[in-house]
Amino acid sequence: MRDEEWIMVRRPTVADLWNPCSSDSTSRPLKVIFNEPAKYWTDALPVGNGRLGAMIWGGVASELIQLNEDTLWTGVPGDYTNPNAPYALSEIRKLVDSGEFAEATVASAKLVGNPADVYQLLGDIKLEFDDSHLNYDKETYQRELDLDNATVQIKYTVDGVEFSREHFASNPDQVMVTKISGSKPGSVSFTVYLDSKLDHHCKMTGERQIIMEGHCPEKRIPPQVYADDKRKGIQFSAVLDLKISKGNGIVHILDDSKLRVEGSDWAILLLVASSSFDGPFTKPSDSKKDPTSDSLNVLKSISNLSHVDLYAHHLDDYQNLFRRVSLQFSQSSRSVVCLKKNQDGRVPTTAERIKSFQMDEDPYLVELLFQFGRYLLISSSRPGTQVANLQGIWNKDLEPKWDSAPHLNINLEMNYWPSLPCNLSECQEPLFDFLSSLSVNGRKTAEVNYETSGWVVHHKSDIWAKSSADAGDVDWALWPMGGAWLCVHLWEHYTYTMDIDFLKDKAYPLLKGCGLFLLDWLIEGKGGYLETNPSTSPEHDFIAPDGNRASVSYSSTMDMAIIKEVFSVIVSAAEVLDKNEDDLVKRVRNAQSRLSPTKVAKDGSIMEWAQDFQDPDVHHRHLSHLFGLFPGHTITIESMPDLCKAAENTLHKRGEEGPGWSTMWKAALWARLHDSEHSYRMVKHLIYFVDPEHEKAFRGGIYSNLFAAHPPFQIDANFGFTAAVAEMLVQSTLEDLYLLPALPRDYWGNGCVEGLVARGGLTVNICWKEGNLHRLGLWLKNRKSWRRFRLHYRETMVSVNLSCETMYTYNGRLDCVLERPWISTAECNKRIEGVQY
């Protein structure tokens with residue numbers, strides 16, 4: 001072809017432009033693998049579409065599929081005000097001012113309210129197969145969750161016939177799908193029915209549908225249920241629709257509530273579910289929603305779709321999110337990129353890999369756990385759903401541990417740490433919807449309980465957007481900073497997406513209400529500083545000067561760190577929105593200079609309270625007084641090296657033991673200090689096998705299905721792990737990008753990450769070899785014409801100007817070696833145009 005000739009090609013997408021490694025690499029399967037059915041709930045495999053969830057046990061003769069729907073909670077909307085609180089507040093403040101901290105702690109019990117409500121379960125799909133399945137060939141059994149396609153598959157052989165089951169939860173079609181098939185025609189026979197621990201009844205509709213209807217308790221402690229009770233709790237309905245192969249197979253109805261399939265080639269189960277929940281401010285008894293009608297309408301909407309159609313819709317929706325980020329690690333250039341097999345030739349199970357990690361430190365398992373966190377977030381939090389709770393959406397109990405409720409003193413926030421850096425910003429939308437509801441109830445709580453303006457939320461909430469202090473010990477219940485911490489996520493969302501409409505319409509009104517409360521909550525203290533009183537450091541006590549144990553004092557370090565962060569965010573948002581002259585902003589600027597500075601204790605650690613109290617538990621699980629370092633930004637290596645050294649001393653003092661979420665907070669904190677050794681130690685500390693029969697309280701670890709343990713299971717550590725690994729690879733401000741700031745070179749010496757997001761709307765690809773930066777790819781996602789960034793790698797800093805719709809490639813010295821235009825895949829598919837290369 002002559003040089004002057006043109007050829008017509010599609011314009012390249014980002015995926016086309018990024019090819020950092022010269023050698024071919026084999027894509028490693030991202031699978032959670034078992035070679036036997038589940039024995040415990042934490043052996044089962046989770047699927048979810050954000051709203052509907054299921055745990056797949058993979059039994060052979062009988063199968064259990066445990067179901068969840070995210071709006072099933074006990075209770076009704078509550079009154080979160082206490083008209084007697086102002087009198088108690090005045091008394092507590094006087095006690096604190098006089099140094100009577102133990103007495104103030106006792107008196108603070110007058111400020112706590114009623115307990116939050118409890119997340120419930122939906123029920124079960126139960127399958128019973130022929131007795132021949134009892135004698136299946138155990139060597140052929142396979143059960144796996146494939147993270148790339150969000151599908152659980154089970155295979156085994158009975159008398160030479162291979163049986164398979166496939167499970168997925170579709171978000172676009174709002175249905176849980178199970179396909180059962182056999183390699184021999186007419187070999188599929190089973191009985192299926194629905195069940196639940198909640199009060200319910202089942203009935204048939206037509207020849208191949210089971211409807212289960214029931215309700216949640218009106219009160220958090222389920223009362224005795226009688227047939228003539230007026231049901232005031234949330235109503236629910238689940239509908240199971242059955243399809244079988246044409247030609248082979250028949251279906252019988254058993255006991256008016258079960259379906260029996262005989263002699264089919266395959267069978268497809270479609271499970272849909274709905275509830276009467278109509279928002280946090282509507283009583284279930286006033287709801288106009290009909291969950292059975294809603295469920296049947298969903299089934300009707302997909303009645304003409306084949307299994308292939310449903311799966312295609314599911315894959316397109318899910319992989320659009322999941323495949324945005326890829327990650328590969330290896331210890332050296334000679335590492336084998338495929339899964340190593342055991343001596344008997346089989347691929348090791350995930351449980352075996354967890355058990356061996358303390359010895360082999362397999363980087364592939366880190367990749368798997370990183371992507372598992374992204375999988376869980378996609379599966380438990382989508383636009384329009386409820387927030388991911390303490391267990392995401394997966395729960396088997398009527399009275400789950402800690403009510404499976406959102407806890408706002410770290411756990412709910414940690415759930416969403418990976419959403420922005422790991423390219424899942426849409427999955428954070430439920431958090432902002434929840435925050436809006438909290439602000440409505442929180443405004444009443446602030447006005448009545450504390451006689452302040454704005455809105456306030458405490459440590460624990462529920463589906464009814466509970467805003468008042470929960471019933472319980474004041475060391476955790478009395479903590480009015482939950483809403484303020486969540487507000488930081490609003491600004492973070494803007495800094496990553498640069499969505500100014502979001503900042504103006506959604507974020508700033510919430511920030512304004514939060515700021516008004518904080519300004520009123522602060523009171524004149526000693527030395528001219530503004531103080532919070534009463535104040536706690538979440539879930540931690542101290543020894544007062546009189547020798548008594550207490551938890552209530554004034555101006556805890558975490559209180560002041562969160563307030564500093566929120567005030568800084570308000571000022572920054574006001575600058576973007578041209579609101580610098582607003583009265584709120586002027587008041588915030590004035591208050592900023594009067595907030596007490598972070599203090600260093602005699603032992604060189606950061607003080608947790610305003611006074612250097614004796615700590616009765618130096619290894620306490622919470623790292624509250626390090627909020628300013630991470631996830632906050634008021635303590636940085638560049639601006640406050642002395643406080644960073646004190647933070648390092650604090651982390652050493654706290655130690656490495658603790659539940660999973662605490663371990664991951666420590667990993668992120670060490671990463672923010674650019675300490676790869678200790679950050680990696682926390683990663684390794686989490687990947688410790690937990691035996692459900694021999695759990696150790698507050699030990700942390702990982703169950704066989706990769707669920708993280710407190711124990712018991714809490715999902716926050718899974719999300720925290722993903723966020724911490726991302727923090728080890730990329731850190732950013734709106735002007736700065738830090739590359740591989742905490743890379744453990746001895747363990748992840750070679751690797752490539754694609755699709756991480758940095759502040760400023762910057763997407764980042766990095767490839768490194770033998771611990772050194774090899775290639776860097778950058779491009780802007782927002783539509784601003786250009787932005788200036790400072791790139792930091794070790795001692796090198798380079799200033800660059802980046803234009804949107806251009807991908808930039810840099811070498812290990814941060815020299816730009818290639819600039820190429822790009823468009824998104826979606827846009828590319830819409831265009832047909834010629835480009836010469």
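I worked on a predicted model, where local features need pLDDT of at least 70, side-chain atom pairs count only at pLDDT 80 or more, and totals for chains, interfaces and linings use all residues. Residues are numbered from 1 along each chain as its sequence is written, and side-chain values use heavy atoms, with hydrogens and water left out.

Entry: cavities. I searched the whole structure and got four cavities of 30 Å³ or more (a cavity is a set of points on a 1 Å grid over the protein atoms alone where a 1.4 Å probe fits but cannot get out).

Entry: lining. I looked up the lining residues (those with an atom within 4 Å of a point) of the largest cavity and found 20, with W417, E492, Y496, F630 and R759 nearest its centre. The largest share, five residues, comes from α11.

Entry: P46. I placed P46 in strand β2 (residues 45-48). P46 counts as buried because its relative accessibility is 0% (buried means under 20% relative accessible area, with a 1.4 Å probe and protein chains only). Leaving out residues up to four places away in sequence, its contacts (heavy atoms within 4.5 Å) include L145, F372, W394 and F707. I also checked P46 against W394: 348 residues apart in sequence, 7.5 Å apart in space, C-alpha to C-alpha.

Technical notes: On a 1 Å grid over the protein atoms alone, a cavity is a set of points where a 1.4 Å probe fits but cannot get out, and a pocket is an open set with protein on both sides within 12 Å along at least five of seven lines; lining residues have an atom within 4 Å of a point. Grid points are joined across faces, edges and corners, and a volume is the space filled by probe spheres set on the points. Helices (H or I, at least four residues) and strands (E, at least two) are DSSP runs, numbered from the N terminus. Buried means under 20% relative accessible area, exposed over 50%, partly exposed in between (1.4 Å probe, protein chains only).
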